[in-house]
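These are my notebook entries on one protein model. I set down what I looked up, entry by entry.

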Amino acid sequence: MNSTPPKTSLKPQLPRGFADRGPQEIAAVERMLAVIRQTYELYGFEAVETPFIEYTDALGKFLPDQDRPNEGVFSFRDDDEQWLSLRYDLTAPLARHVAENFDRLPKPYRSYRAGVVFRNEKPGPGRFRQFMQFDADTVGAPSVIADAEMCMMAADTLERLGIKRGDYVIKVNNRKVLDGVMEAIGLGGAENVGRRLTVLRAIDKLDRLGVDGVRLLLGPGRKDESGDFTKGAQLNDRQSGTVLDVIQATNVSGLKQVLDKVTMNTGGVPDSKGGLAHLPYEDAINELVEQFVPFVEQAGYESDRIRIDPSVVRGLEYYTGPVFEAELTFGVNDERGNPVRFGSVGGGGRYDGLVARFRGEPVPATGFSIGVSRLYAALKLIDSPIVSGAELTGPVVVLVLDRDQITRYQSLVARLRDANIRAELYLGGAGMKAQMRYDDKRGAPCVIIQGSDERARGEVQIKDMVEGARAAASIASNEEWKAARPAQISVPEERLVEAVREILARY
């Protein structure tokens, strides 16, 4: 008697923060990507692709720990002891690509790319460690007009995806404003890079955590609902109050008042009109008010579609000028009936320093990124045709009733495939009833049946699975079913393709 205990079965489970996707979602996302791609191409952008993995130092100074850079990103050492990381976004790899191919690329260089990115962060509801982005970038255009074009393209993309005007807004700010504020409160200089990044990430959570939550992250830190503690930026009350005043300004006029106060508190000098002789943030605001806004308004994008919002900062260190977010403003209910507000589904901004890191000279750049997974969830809830129109039908299935006739059944499959009709031969070992259950699960529009009687007559039976299900719902007894033989026809083998096409055309 064998006394060896049986091996324990391996438990199948996904890593936290990751998800499997089925054929329906994949089809819907592909339709989304096609619309986004068409819109980007309409604006003159062309495709480029970069790898999933980059040298860690190429991903940028925003990484918090260069000695062991595994906070925020997934990293490992190569056999030459260099650190490699899964890409955190699609922007830093583009900067590397442009710098490496700088002389052969046209300037400005307009490109788009779609792909998955990875975040080594705590997962939560709607927050994944792997997700897809779709970016467009212009490298080599210093004008704020390039940023304005990104925002107009973002608005056009959302509308083409089925989001109505009034159900979204593209919010715009200038990162130079917050950079100046952080310098004014003592967070300037290379020694404060980590604290500045913590401040930016805290502000970026304003929609989700509210003012009180952000205040904690700006100060000592915050404990979330699970009990996990996130260390804060360690700002004092005056510093935190200044940052919160800036990001809570509701318009340009209110922002200017806050900045006047900041400048006065940090040594500004009153002029003869009672204002301040020097405002370090003035150029940043004027860039938006005097150049950006007139351009988009002249192009027909009023403030209901694109507007200035001082709360927009973006959570990455590398932004250097205008920053923007695409926010969905409508409210819907989830599958459980709970109200859901999606908030941001994309964003971007100007990053004039990323390519310059490789070349040692200024290279202006700006870009916009759509969060594909998040936007897909929103489109699904509003029943956008892009998503709801992506219902898949399975292949036509040829049943196998007589195993010794397998080659004949395969010849029927080949006829259908030669006619460009999706078809498969049933490859399991089950009988007729189990094969029909399989066809249901596959979503087959129809199945091909040929027993010995049909084969002797040179015929096949074709069962319309959709119509059959409808008819079955109205048939009360087994006798009625046998009498009606719903949605099942016999045709000569030579009419197989024609008959299948007629059924497919119904749906």
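**Entry 1: E159.** I looked up E159 and found it in helix 3, residues 144–160; helices here are DSSP runs of H or I with at least four residues, strands are E runs of at least two, and both are numbered from the N terminus. I recorded E159 as partly exposed, because its relative accessibility is 25%. The classes are buried under 20% relative accessible area, exposed over 50% and partly exposed in between, with a 1.4 Å probe and protein chains only. Leaving out residues up to four places away in sequence, I noted that E159 touches R165, Y168 and R305. A contact means heavy atoms within 4.5 Å.

**Entry 2: basis of the model.** I note that this is a predicted model, in which local features need pLDDT of at least 70, side-chain atom pairs count only at pLDDT 80 or more, and totals for chains, interfaces and linings use all residues. Numbering runs from 1 along each chain as its sequence is written, and side-chain values use heavy atoms, with hydrogens and water left out.

**Entry 3: confidence.** I looked up pLDDT, the predictor's confidence in each residue, from 0 to 100. The protein averages 85, and 87% of the residues score at least 70. Confidence is lowest in helix 17 (residues 478–484), with a mean of 55, and highest in strand 1 (residues 46–47), at 97. Over residues 62–66 pLDDT stays under 50, and the model has 13 contacts beyond four places in sequence for this stretch.

**Entry 4: the whole protein.** I recorded 18 helices and 18 strands. Of the 507 residues, 48% are buried. Among contacts with a separation of 6 or more, 68% are between residues 24 or more positions apart. The accessible surface comes to about 26000 Å², and carbon and sulfur atoms hold 49% of it; the areas come from the Shrake-Rupley method with a 1.4 Å probe.

Entry 5: I then looked up an open sheet of 3 strands, ordered 2-4-3 with antiparallel pairing; two strands pair if DSSP finds at least two bridges between them. Strand 2 (53–55) and strand 3 (75–77) are the edges, each with a single partner strand, so one side of each has no neighbour in the sheet. Strand 2 is joined to strand 4 (residues 83–86) by 3 bridges, and the two run antiparallel. I noted E54 opposite S85 in strand 4.
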